[in-house]
Amino acid sequence: MICPKCGSNQVVMQQVANTTTDTKTKGFGWCKACLGYVLFNVPGILCGLCGMGKGKSKTTTKTHVVNVCQTCGYRF
């Protein structure tokens, strides 16, 4: 393989990994608040706060190959 920038044939293939993380947090639970109100009247509305702030995180990793010239450092 030949570098398109400098014409050298000292080109190495490298794998590059891109990692992204998505985090979602829970808010006030209206269903829990309504059920708490039915069971415990007005103080039961605070049941909607149960589990608030907890969330799930999803991590995805994508890998692709990049060619790197050893002479000039050009990536293609």
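A residue is called buried when its relative accessible area is under 20%, exposed when that area is over 50%, and partly exposed in between, with a 1.4 Å probe and protein chains only. The structure is a predicted model, in which local features need pLDDT of at least 70 and side-chain atom pairs count only at pLDDT 80 or more, whereas totals for chains, interfaces and linings use all residues. Residues are numbered from 1 along each chain as its sequence is written, and side-chain values use heavy atoms, with hydrogens and water left out.

Read along the sequence, the protein chain follows the pattern β-α-β, with one helix and two strands; helices (H or I, at least four residues) and strands (E, at least two) are DSSP runs, numbered from the N terminus. The C-alpha trace spans about 80 × 15 × 10 Å along its principal axes. The radius of gyration, taken over C-alpha atoms, is 27 Å, while a compact globule of 76 residues would have one near 11 Å, the globule rule being 2.2 Å times the number of residues to the power 0.38. Buried residues make up 16% of the 76 residues in the protein chain.

The cysteines can be followed next. A search of the whole structure finds zero disulfides, a disulfide being a pair of cysteine sulfur atoms within 2.5 Å. Cys69 is in no disulfide, and the nearest cysteine sulfur, that of Cys6, is 3.6 Å away; Cys69 is buried, with a relative accessible area of 2%. For Cys31, the closest cysteine sulfur is in Cys34, at 6.7 Å, which is too far for a bond, and Cys31 is exposed, with a relative accessible area of 69%.
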